[in-house]
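I opened a notebook for this structure.

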Amino acid sequence: MESAPSTLDNFVGPFSSHLVPAKRGRDWREVWADALDNYLPSLPRDFSPLVSIARNHMVDYDRAVLVQDPDLMLMAQACFKATIVRANGDTVSGCEAGPEASGPRIRQALAAAPGELPLWGQRGEFLVEHCGIRAVLRTAGLNSIGGYELLAAGKTGLFISPTGYRSLCGAAPIYGADVLEAAQHWIEGLLDDARPVPVDAKHRKDPLQSFPWLVGADETAPSTYQDKGGQMAFCF
């Protein structure tokens, strides 16, 4: 198995030597300024090689979360964003202006296959079944505004909200956990604040329409939920 860099000190991603100095303890503004001044000019201009470079930085970001290295996270994130700006003609303005802009195009090119567990920083959607909740977690990818969101993955059963949708605005990667483990943690946190409820009839949708990869999603979801205190909730 390929060895992964464990700290910023042995980070060897493509073109990383141009991001100088690779100091620890810097904030985003400092790291991003270095990326613009010292890293972006070294990048190719063609879209295909930029996608390949962005992929490596996405992998570095995922590894940084798993080894709990915030400095490497910032560096990988800045390098990833630099590829987006380069693909946009070296200007930040317009990078996210619609699906044909450089940001959405690069994230889509690097998206995980539907139903597969994405890396941290990778766009994707996959099934989570935890604490009696059956949901699709959708991830927007690095440097995007959307973040993470949960959608009901069944026509029936209990969910986090009566609308069948819950934004996870403000959720951040959890050190040492993969995206599935984080999703389970987020669901537990939501259930600590409120009991699960049936989705309102007007909001019930066939999840296969939005997620055709979701085999069996039209079957009845779990009808009971047991909270941490041992109490049961029923959905009819």
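**Entry 1: a network of charges**

I began with R45, R86 and D90, which are linked in a network of salt bridges. I counted a salt bridge where a side-chain nitrogen of Lys or Arg lies within 4 Å of a carboxyl oxygen of Asp or Glu. This is a predicted model, so I noted its limits: local features need pLDDT of at least 70, side-chain atom pairs count only at pLDDT 80 or more, and totals for chains, interfaces and linings use all residues. Residues are numbered from 1 along each chain as its sequence is written, and side-chain values use heavy atoms, with hydrogens and water left out.

I sorted residues by relative accessible area: buried is under 20%, exposed is over 50%, and partly exposed is in between (1.4 Å probe, protein chains only). R86 counts as buried because its relative accessibility is 9%. D90 has 33%, so it is partly exposed.

I stayed with D90 for its backbone. D90 sits in the loop between α3 and α4. I took helices (H or I, at least four residues) and strands (E, at least two) as DSSP runs, numbered from the N terminus. The phi of D90 is near 70°, a positive value in a residue other than glycine. I found another such case in N143, with phi near 60°. N143 belongs to the loop between β2 and β3. N143 is partly exposed, at 22% relative accessible area.

**Entry 2: the other salt bridges I checked**

How many salt bridges does a search of the whole structure find? I got six.

R107 and E96 form one of them, at 2.4 Å from N to O. This pair links distant parts of the chain, 11 residues apart: R107 is in helix α4 (residues 102–109), and E96 is in the loop between α3 (70–87) and α4. R107 is buried, since its relative accessibility is 5%. E96 is partly exposed at 39%.

E149 and R138 also pair up, and their closest N and O atoms are 2.7 Å apart. E149 lies in strand β3 and R138 in strand β2 (residues 133–139), so this bridge ties together parts that are 11 residues apart in sequence. Buried or partly exposed: which is E149? E149 counts as buried, at 18% relative accessibility. R138 counts as partly exposed, at 27%.

**Entry 3: cysteines**

I searched for disulfides (a pair of cysteine sulfur atoms within 2.5 Å). The structure holds zero. I looked at two cysteines anyway. C79 is buried at 0% relative accessibility. C169 is exposed at 74%.

**Entry 4: the core**

In soluble globular proteins, nonpolar side chains tend to be buried together. I defined a nonpolar core as a set of buried Ala, Val, Leu, Ile, Met, Phe, Trp, Tyr and Cys residues joined through side-chain atoms within 4.5 Å. The largest has 47 residues, and F80, W120, L137, L150, F159 and I160 have the most contacts inside it. Elements giving two or more residues to this core include α1 (28–39), α2 (47–66), β1 (124–130) and α5 (179–193). Which element gives the largest share? It is α3, with nine residues.

**Entry 5: pockets and cavities**

I worked on a 1 Å grid over the protein atoms alone. A cavity is a set of points where a 1.4 Å probe fits but cannot get out; a pocket is an open set with protein on both sides within 12 Å along at least five of seven lines; lining residues have an atom within 4 Å of a point.

The largest pocket has a volume of about 310 Å³. It has 21 lining residues, and G141, S144, G147, Y148 and A171 are the closest to its centre.

The second largest pocket has about 260 Å³. Of its 15 lining residues, L151, A152, G164, H203 and K205 lie nearest its centre. Helix α6 (207–210) and strand β3 (148–152) each supply at least two lining residues. α6 gives the most, with three.

I counted three cavities of 30 Å³ or more. The second largest cavity holds about 40 Å³ of space. Among its 10 lining residues, R134, A152, G154, T156 and L158 are the closest to its centre. For these volumes, grid points are joined across faces, edges and corners, and a volume is the space filled by probe spheres set on the points.
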